[in-house]
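The following exercises are intended for a reader who works with structural models. Each task is followed by a solution in steps.

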Amino acid sequence: GLDRRLKKAADFARFAGCKAQVRLRHPVNGRRNFVGTVRAVDGDRVEFDFDGGRLDFALADLDRARLVPKP
């Protein structure tokens, strides 16, 4: 589907460069929800660009992630 769920490192690697919505288990700088672009995957770590900067999180910290459909 257009709003495909992302769970594994392979999912994030496959959709690198795509826009996604990410929700983390624990807040980072007071936020848990981010919308931005998947940059890269290194082992179990994901690099993610969003409007406020760059986020680097472990897959273990991920609560939910989905692709954002293009209009």
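This is a predicted model: local features need pLDDT of at least 70, side-chain atom pairs count only at pLDDT 80 or more; totals for chains, interfaces and linings use all residues.

**Exercise 1. Determine the confidence of the chain and where it is lowest and highest.**

Solution. Next, turn to the individual elements: confidence is lowest in S4, with a mean of 95, and highest in S5, at 97.

**Exercise 2. State the strand order of the open sheet and identify its edges.**

Solution. The sheet comprises 5 strands in the order S4-S3-S2-S1-S5, with antiparallel pairing. Strand S4 (53-58) and strand S5 (62-67) each have a single partner strand, so one side of each is left without a neighbour in the sheet. Neighbouring strands are turned by 40° against each other on average, direction ignored.

**Exercise 3. Describe the largest nonpolar core and the surroundings of Val22.**

Solution. The core holds 17 residues, of which Leu6, Phe12, Val22, Phe48, Leu55, Phe57 and Leu62 touch the most other members. At least two core residues come from each of strand S1 (19-28), strand S2 (31-42), S3, S4 and S5. Now consider Val22, leaving aside neighbours within four places in sequence: its contacts include Phe34, Phe48, Phe57 and Leu62, and also Arg32 and Arg64.

**Exercise 4. Classify the aromatic pairs Phe12–Phe57 and Phe34–Phe50.**

Solution. The whole structure contains 3 aromatic pairs. For Phe12 and Phe57, the ring centres are 6.2 Å apart and the planes stand at 75°; planes over 60 degrees apart count as edge-to-face, so this pair is edge-to-face. Phe12 lies in helix H1 (residues 9-14) and Phe57 in strand S4, 45 residues apart. Both Phe12 and Phe57 are buried. Phe34 and Phe50 are likewise edge-to-face, at 4.8 Å centre to centre with 65° between the planes. This pair links strand S2 to strand S3 across 16 residues. Since buried means under 20% relative accessible area, Phe34 at 2% is buried, and Phe50 at 16% also counts as buried. Finally, ring pairs link Phe12, Phe48 and Phe57 into a cluster.

Notes:
Residues are numbered from 1 along each chain as its sequence is written. Side-chain values use heavy atoms; hydrogens and water are left out. Two strands pair if DSSP finds at least two bridges between them. Helices (H or I, at least four residues) and strands (E, at least two) are DSSP runs, numbered from the N terminus. Axes are lines fitted to C-alpha atoms, for helices over the stretch in contact, and angles run from 0 to 180 degrees between N-to-C directions. pLDDT is the predictor's confidence in each residue, from 0 to 100. A nonpolar core is a set of buried Ala, Val, Leu, Ile, Met, Phe, Trp, Tyr and Cys residues joined through side-chain atoms within 4.5 Å. Buried means under 20% relative accessible area, exposed over 50%, partly exposed in between (1.4 Å probe, protein chains only). Contact means heavy atoms within 4.5 Å. Rings of Phe, Tyr and Trp (its six-membered ring) pair if their centres lie within 6.5 Å; planes under 30 degrees apart count as stacked, over 60 as edge-to-face and the rest as tilted.
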